[in-house]
Amino acid sequence: LQALEEDAWARLQQDYWKRLFHYARNWLGDHQAAEDVVQETFLGAVRGIDGFDPRYTLEQFLFGIAHNRIV
């Protein structure tokens, strides 16, 4: 990733980490498992961003990945 892209990903993680964590923790009831899901979500987003469907929001994209990691 170029520096600008790295900055954008860092901001994205900063903006969404807590919300994704609370979402995962509410589903799983486990702090460590929720942290793992959040990390897997961001990794999945990096890997899948080329297939991002612009009909959806970035929030829907991230929470969709998180949900798929949980269930």
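Let's start with charge. The chain has 7 positive and 11 negative charges, and their mean positions lie 5 Å apart. Keep in mind that this is a predicted model.

Now the fold. What does the pattern look like along the sequence? It reads α-α-α.

Next, the overall dimensions. The C-alpha trace spans about 35 × 25 × 15 Å along its principal axes. How does the radius of gyration agree with that of a compact globule? For 71 residues, a compact globule would have a value near 11 Å. This chain has 12 Å, so the two agree.

On to the inside. The largest nonpolar core has 17 residues. Which of them touch the most other members? They are L12, Y16, L20, F42, A45 and L62. Three helices each supply at least two residues of this core: α1 (3–28), α2 (31–48) and α3 (58–70).

Take L62 as an example. Leave out residues up to four places away in sequence. L62 then touches L12, Y16, L20, T41, F42 and A45.

What about contacts across the whole chain? Take those between residues at least 6 apart in sequence. Of these, 57% join residues at least 24 apart.

Last, burial and surface. Of the 71 residues, 27% count as buried. The chain exposes about 5000 Å². Carbon and sulfur atoms supply 50% of that area.

Key:
Residues are numbered from 1 along each chain as its sequence is written. This is a predicted model: local features need pLDDT of at least 70, side-chain atom pairs count only at pLDDT 80 or more; totals for chains, interfaces and linings use all residues. Side-chain values use heavy atoms; hydrogens and water are left out. A nonpolar core is a set of buried Ala, Val, Leu, Ile, Met, Phe, Trp, Tyr and Cys residues joined through side-chain atoms within 4.5 Å. Buried means under 20% relative accessible area, exposed over 50%, partly exposed in between (1.4 Å probe, protein chains only). Helices (H or I, at least four residues) and strands (E, at least two) are DSSP runs, numbered from the N terminus. Contact means heavy atoms within 4.5 Å. The radius of gyration is taken over C-alpha atoms; the globule rule is 2.2 Å times the number of residues to the power 0.38. Accessible areas come from the Shrake-Rupley method with a 1.4 Å probe; for residues, only the protein chains shown count as cover. Lys and Arg count as positive and Asp and Glu as negative; His and the chain ends are not counted. The place of a charge is taken as NZ of Lys, CZ of Arg, CG of Asp or CD of Glu.
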